[in-house]
Amino acid sequence: MGIFLSGDFIEEVRSRNDIVDIISEYVSLKPSGKGLFGLCPFHSEKTPSFNVSPDKQVYYCFGCGAGGNVFTFIMAIEKLDFPEAVKYLAEKAGMALPDTMDSREYALHKDKRDKIHEINREAAKYYRKVLLSPWGEKALSYLKSRGLDDRTIKIFGIGFAPEGWDNIKNYLSDKGYEEELLIQSGIVVESKGRTYDRFRNRIMYPIIRPGGYVIGFGGRVIDDSLPKYLNSSDSPVFNKSSTLYGLNLIKRGQPIEHVIITEGYMDVITLYQYGFKNVVASLGTALTQQQARLLRRYTGEVYIAYDGDKSGQQATLRGLDMLQNAGLKVKVICFPEGMDPDQVLRKFGSRYFKELMDNALSLVDYKLDQLRKQYNFDNVDDRTNYATEAAKILTKVQNLLERDVHIRRLETQTGFSARLLYRQIELLEAKNRQDGVKKHIDGNNRYTGRNRINIEILPVHIKAERYLATLMATDEDYAKKIVGRINTEYFEESITAEIYEIVSGLMKTGKEISIPRVLSYVQDQSKIQQMVEIFEQPIEYDNIDKFISDCLKEVICNRLEKRRQEVKELIEQIEREGNQRTERYNTLVNEMAAIIQKINMNRQGKEGIM
Ligand SMILES: [Zn+2]
């Protein structure tokens, strides 16, 4: 698709679509304090924690952490991608779609992305042709041995990358694609001045985005070579952590009861062949927050179909919590010892698989199950520890009847009376509440939403960075006090550095500065979300000038301190090598003296800029 929209056009669309009007079409909002509150459309809740700020033109849910501007809201609720959401809102405001689409910048950007999509498509066609040729015989018989039929192989566009270093490279070069683009697409690798095919002697699974664009590949060996699986590197059209394999085959535009999440390509493909059409896999990594949010656009419920031996791992449990925090109901399918979904289907068929789905555990049951495996109930200490840990899990169960069922079971298992177990859970809940109140009193975190980053635990210089980023995005006068005093390199977090870049860009072109406008210059949904999280952090100060100068001091000191550490290590290395007579050594020693002086000046309240 490769649509590129200019920030100015997006800002125009945004300014004509007030976020309160747009969200009110979906959520009933009531005024409260500075903003408006309503029931979150992205997770199920009974008390409103979804907040809309007319000043900042953003929304933020203190329950599930969903947040963004008017575009991300429309993306999430209407299941659109960014350009589609802009188009939707432009049309709503009666605006013609932009001439900016013809601008040079757009043309260049679009051109590159289009070319990479084209290259990927050509590559997929090539790999498929090879699979069906004598060259792919071994690979095809491997796929057949895994139970795949011709139709499925075709639907998923599976192919084969033959042995050799420059098959696809030559094929695509002959078609006229520049080597530079082949490298950027990730199909050709450049190393030590040499270029060669990334995928060799591998079965190729094209990764396809909804809309039919091939954005990358997963490749699996058919012998014992390592690594067993290899993915395309991230490219201008491919980002592993925000992509799910199989998503392109899920039908949009109709409510989907549930989506099954598996670990690998083969599980997705086999499940599909056996009639389970709504199934996806992450690309060889633990689930990310972006993937969880992406799924939330499609469905409200997910079934986890992982290998038995892997599912208990910490990374997996974190992934499951992430899904739940994104507002999804999570169920975990339990497979017979040592079997994975693919094996279960091929051995016992789809009816049995459906039975396993019907018996899938809720996330709480699953966690208790995993916990139980770690303890020996014949041992008193183990029983106590198990009951203690289980009580922690049960504080998360809101439904009291459901909680009662768990407690009765726990009573039988551990021998502790139900009354005592109830008491233990109450104590834990009281403690959680207290922690929440404490945060409230500390003033930096008024809410205790599950996803909310507790700013208290961040290092001081990061807090300072975030305050500066928020202030400069809020008002031109503040921005003038910050921009020029430091530059992007002073920001440790890339997201605050990006805010700085946008604000200083707006200043250069003489444009008005405000939080809604700054957000219009960002098109990546997860970046918008991160920025909104930063902008929503409460800031308290008595004197703005002093507050800004204190924050600057923190950020500058941190930078100086880091450089001091680097220089110290360089000096020590030269001393170890006995090269103290070199000019480089003198330069470093002088730099060290200058840094220490600047640090001292900063401490005394004066400012030493690097
Ligand atoms: Zn929510």
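Q: Domain bounds come from an automatic or database domain assignment; with that understood, which domains is the protein divided into?
A: In this model, which is a predicted one, the protein is divided into domain 1 (7–100), domain 2 (105–238), domain 3 (255–368), domain 4 (376–432) and domain 5 (547–603).

Q: How far apart are the centres of domain 4 and domain 5?
A: Taken over C-alpha atoms, the centres of domain 4 and domain 5 are separated by 55 Å.

Q: And overall, what does the radius of gyration say?
A: The protein has a radius of gyration of 28 Å, and this agrees with the value near 25 Å that a compact globule of 610 residues would have. Along the principal axes, the C-alpha atoms fill a box of roughly 75 × 75 × 70 Å.

Q: How many helices and strands are there, and what share of the residues is buried?
A: The secondary structure comes to 24 helices and 16 strands, and 36% of the 610 residues count as buried. Among the contacts with a separation of 6 or more, 63% are between residues 24 or more positions apart.

Q: Switching to helix α16, what span does it have?
A: Helix α16 runs over residues 400–414, which is 15 residues, and reaches 20 Å from its first C-alpha to its last, close to the 21 Å expected at 1.5 Å a residue.

Q: Which residues of α16 are buried, and where do they sit around the axis?
A: The buried ones are Ile407, Leu410 and Thr414. They lie on the same side of α16, because they cover an arc of only 60° around the axis.

Q: What is on the other side of α16, and what comes just after the helix?
A: Leu401, Val405, Arg408 and Thr412 are exposed on the other side of α16. Just after α16 comes Gly415, which takes a positive phi of about 85°.

Q: Now α1: what do its buried residues pack against?
A: In helix α1 (residues 7–15), the buried residues include Phe9, Ile10, Glu11, Val13 and Arg14, and the buried residues of α1 pack against α3 (70–78), α4 (82–92) and α21 (515–520).

Q: One more, Ile544: which helix is it in, and why does it count as partly exposed?
A: Ile544 is found in helix α23, residues 544–577. Ile544 counts as partly exposed because it has 14 other C-beta atoms within 10 Å, whereas a buried residue needs 20 or more and an exposed one has 12 or fewer.

Q: How far is Ile544 from Arg198?
A: Ile544 and Arg198 are 346 residues apart in sequence and, C-alpha to C-alpha, 54 Å apart in space.

Note on methods:
Residues numbered from 1 in each chain as written. Predicted model: local features only at pLDDT ≥ 70, side-chain atom pairs only at ≥ 80, totals over all residues. Helix = DSSP H or I, 4+ residues; strand = E, 2+ residues; numbered from the N terminus. Rg over C-alpha atoms; globule rule 2.2 N^0.38 Å. Contact = placed C-beta atoms within 7 Å. Expected span 1.5 Å × (residues − 1). Arc of directions from axis to C-beta. Domains from an automatic or database assignment.
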